[in-house]
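This report is meant for a reader meeting the structure for the first time. Please keep the sequence and the 3D view at hand while reading.

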Amino acid sequence: MNSFKSLIVAIASCFLLCLTSCELDQEIPNEDTSEQQAVPKHIIQKLESAGFHTNEGLYKYNEGYIVENDIYVTEERLDELSKEKTETFGDAKQYRTNNLVSGTRTIRVFIDPSFPPYVKSALDEALRRYNALNLRLTFRRTSSASSNDIRIVPVYIANGFFGSTWFPSNGRPFRTIELNTFHYNNSKRLGNAASVIAHEIGHTIGFRHTDYANTNFSGCPNGGNEGQAGVGAILIPGTPSGPVANSWMLACTGLNTNRPFIASDRTALRRLYARTPPPPTINPVPFYGFYRGGPKANHFYKTDRGTPAGYIYEGVQCKIYSQSVPGTIPLYRFYNSSAVNHFYKTDRSTPAGYRYEGIAGYVYRSGASGRIPLYRFYNSSVVDHLYKTNRSTPAGYTYEGIACYVPR
């Protein structure tokens, strides 16, 4: 790879399996420098179609190509990316890829046991930073090498990148993060290791570099615009209007730099992965009964305790919901002014001679545990409907069936 006489380290992993960091204080020899100028034109066209810049830092490497000095892409992945067309955005704000992790889930992270204890402690700190935000993604370290969602594994590249990974797909985080044991051996840079691990996890769940449009911002040697790269660069609403110093997703960092989440990082994470708050608990309320006597007797029910003029209070007939909750349906109220009769039913159609007066509350259509029937009775002599949870038929009334089901 090219020599960058700098102490700045690119936190790799942003793109295409290896946004390799450029932390180079000495030259890394390229084993086959003759291949640097041997990139076929059709490969250059594919790279440019995918959104990469090819005017510098482009050469053949292993089974693929290094582009922009530190992005490794295989030909297979390049064929996939060059076919994708993504929308171009400006150079401001936090950015994410086209794909994110779906659902509310626990992401189990395994770290290879060969890493020194301080790197494992750094992983715990990185996971703590995420979990402190109460996101819908919960991160947990696991000791299972076979049952996990993200595996942190060692690689060794002298003077090479800090870490590398890729982006989510099919609603799941990318499976592997590589950490370079050239840096993470016994150096015990806990803050740097925690920040790099958190950064790599950020990529696995869909974050681009904060300064992807100009990585010179974070001091990357020969930095520039990383492009759309076939994965998208979608701005995240509510984040600052430009790259911000000390963001955990800046492209480059120093050997001793610690970057816990700053305010705009927390905004970006919560905007993408805020936990959906549980629906508020809605408790049933009393359904009060009132009665008016005389030749035009009438039973009247409502959730307001105030006694209407001309009526007497008869107590709580049952409980209903004052607003809709899962599984409930409206209980409609109708009124016949000629007969002075209130009528309640779950069918919205207005009976002849009645007018619609709105929703009295919410009830259940069918019975289940914790529900009881609300029975309806009718007195034809005084044209009065009566509702109660006791099945016994009052004198002068006939039983008309179950009007609905209410909470016990």
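## The largest nonpolar core

In this predicted model, the largest nonpolar core holds 38 residues, and the members that touch the most others in it are Y130, I205 and F207. Two or more residues come to this core from each of strand 6 (105–111), helix 3 (117–131), strand 7 (137–142), strand 8 (150–155), strand 10 (176–180), helix 4 and helix 5 (263–273). Helix 3 makes the greatest contribution, with seven residues. As a general background, nonpolar side chains in soluble globular proteins tend to be buried together.

When its neighbours within four places in sequence are set aside, Y130 is in contact with L135, F139, A198, I201, G202, I205, W248, F261 and L269. A separate core of 29 residues lies apart from this one, and its members include C318, V340, Y344 and V406.

## Helix 3 and helix 4

Helix 3 has 15 residues, and the distance from its first C-alpha to its last is 21 Å, close to the 21 Å expected at 1.5 Å a residue. Its buried residues are Y118, V119, A122, L123, A126, L127, R129 and Y130. These buried residues pack against strand 6, strand 7, strand 8, strand 10, helix 4 and helix 5. In general, an α-helix has 3.6 residues a turn, so residues three or four places apart point the same way.

Helix 4 (residues 190–204) also has 15 residues, which at 1.5 Å a residue should span 21 Å, and this agrees with its end C-alpha atoms because they are 21 Å apart. Helix 4 is mostly covered, as 13 of its 15 residues are buried. After helix 4 comes G206, which has a positive phi, near 115°.

Three strands, in the order 14-13-15, make up an open sheet with antiparallel pairing. Its edges are formed by strand 14 (298–302) and strand 15 (312–320), each of which pairs on one side only. On average, and with direction ignored, neighbouring strands of this sheet are turned by 25° against each other.

Strand 13 (residues 285–292) runs antiparallel to strand 14, and five bridges join the two. G289, for example, has Y301 of strand 14 as its bridge partner. As a general point, the strands of a sheet pair through backbone hydrogen bonds, either parallel or antiparallel.

## Cysteines without a disulfide

How many disulfides does a search of the whole structure find? The search finds zero. C318 is in no disulfide, and the nearest cysteine sulfur to its own, that of C404, is 6.9 Å away. Seen from C404, the closest cysteine sulfur is likewise in C318, and because 6.9 Å separates the two, they are too far apart for a bond; the cut-off for a disulfide is a sulfur pair within 2.5 Å.

Both residues can also be described by their accessibility. C318 counts as buried because its relative accessibility is 6%, and C404 is buried with a relative accessible area of 2%.

## The protein as a whole

The protein contains five helices and 21 strands. Of its 408 residues, 50% count as buried. Among contacts in the protein with a separation of 6 or more, 66% are between residues 24 or more positions apart.

Note on methods:
Residues numbered from 1 in each chain as written. Predicted model: local features only at pLDDT ≥ 70, side-chain atom pairs only at ≥ 80, totals over all residues. Heavy atoms only, no water. Pairing = 2+ DSSP bridges. Helix = DSSP H or I, 4+ residues; strand = E, 2+ residues; numbered from the N terminus. Axes fitted to C-alpha atoms, helices over the stretch in contact; angles between N-to-C directions. Buried < 20%, exposed > 50% of the residue type's maximum accessible area, 1.4 Å probe, protein only. Expected span 1.5 Å × (residues − 1). Core = buried A, V, L, I, M, F, W, Y, C linked by side-chain atoms within 4.5 Å. Contact = heavy atoms within 4.5 Å.
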